[in-house]
Amino acid sequence: AVYIGADRFGARAAAGNSVEDIATLCDYAHRYGARVYVTVNTIVYDDELSATQQLITALARIGVDALLVQDMATLGMRRVAMQEVGYAPALHASTQMDNRTAEKVRWLQSLGFSRAVLARELSVDEVRAIHEAVPDMELEVFVHGALCVSYSGQCYASQYCFSRSANRGACAQVCRMQYDLVDATGKTVVNNRYLLSLKDLCLIDHLEELADAGASSFKIEGRLKDVDYVKNVVAAYSEQLNRV
């Protein structure tokens, strides 16, 4: 499967794609049995409800396979799309929904979600516990790529410093910047270091462990990555999964 953002309402505003381009992707991917999941996972403001509805209906019309959402208002919009188009994509709960307990995942399932993208902070044991409690719910886990310094991507540093909300797809990447560390006496302890940025995630040697724990989908973060990165990283994980 490929996950991708539309031109609005995705958590990566700088990586948007037109509905027309996503339609082309769907036509191509579906020939090869690959699915297309579209992110509509920002918080939706009241004055955007109509535009969000139009987007979800358009995505249903071109046959995308699933929507990754955060704002619960999108559930009603999906029902409207079903009425208008006669088809509605599956619902996947975005990691921005902070999916870290069996109770939360069970509740999402009761609302019609077929998959939960788990919080990136969960251990293998925590993934297993959720799977055992809700065995018929698909669980997706991140296995490769950049990590947000904040819990489950719920970061407000960018909003506080630059009035750019990460939960609206406009993160200024505050945690990727260089900083000086100065102690209480004014002495510079560290100069121009990446003090907040986490190392990228790489779980290629733990796929079997995660699969045994109940993960049914492995997610590779690909924000603004070029075709060579996507091709090589996905190929490496695919080969490793085949060996497993």
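Which element gives the largest share of the lining of the largest pocket? In this predicted model, local features need pLDDT of at least 70 and side-chain atom pairs count only at pLDDT 80 or more, while totals for chains, interfaces and linings use all residues. Residues are numbered from 1 along each chain as its sequence is written, and side-chain values use heavy atoms, with hydrogens and water left out.

The largest share, seven residues, comes from α8. Helices (H or I, at least four residues) and strands (E, at least two) are DSSP runs, numbered from the N terminus. The largest pocket has a volume of about 1,400 Å³. A pocket is an open set of points on a 1 Å grid over the protein atoms alone, where a 1.4 Å probe fits, with protein on both sides within 12 Å along at least five of seven lines; lining residues have an atom within 4 Å of a point. The volume is the space filled by probe spheres set on the points.

The lining comprises 44 residues. Ala-1, Val-2, Tyr-3, Ile-220 and Val-234 lie nearest the pocket centre. Two or more lining residues come from each of β1 (2–6), β3 (36–40), β7 (138–145), β11 (217–220) and α8 (227–243). By class, the lining divides into 22 nonpolar, twelve polar and ten charged residues. Here Ala, Val, Leu, Ile, Met, Phe, Trp, Tyr, Cys and Pro count as nonpolar, Asp, Glu, Lys and Arg as charged, and the others, Gly among them, as polar.

Asn-41 lies in the loop between β3 and α2 (49–61). Its relative accessibility is 5%, so Asn-41 counts as buried (under 20% relative accessible area; exposed is over 50%, partly exposed in between; 1.4 Å probe, protein chains only). The Asn-41 side chain makes polar contacts with the side chains of Ser-94, at 3.3 Å, and Gln-96, at 3.4 Å. A polar contact is a pair of N or O atoms within 3.5 Å, one able to donate a hydrogen and the other to accept it; residues adjacent in sequence count only if both atoms are side-chain atoms.

Six salt bridges are found in the whole structure (a side-chain nitrogen of Lys or Arg within 4 Å of a carboxyl oxygen of Asp or Glu). One joins Arg-100 and Asp-98 at 3.0 Å, N to O. Arg-100 is partly exposed at 40%, as is Asp-98 at 22%.

Arg-115 meets Glu-138 at 2.9 Å, N to O. Glu-138 lies in β7 and Arg-115 in β6 (residues 115–117), so the pair ties together parts 23 residues apart in sequence. A salt bridge also joins Arg-115 and Glu-140 (2.6 Å, N to O). Arg-115 is buried at 6%, and Glu-140 is buried at 4%, whereas Glu-138 is partly exposed at 33%. Arg-115, Glu-138, Glu-140 and Lys-219 are linked in a network of salt bridges.
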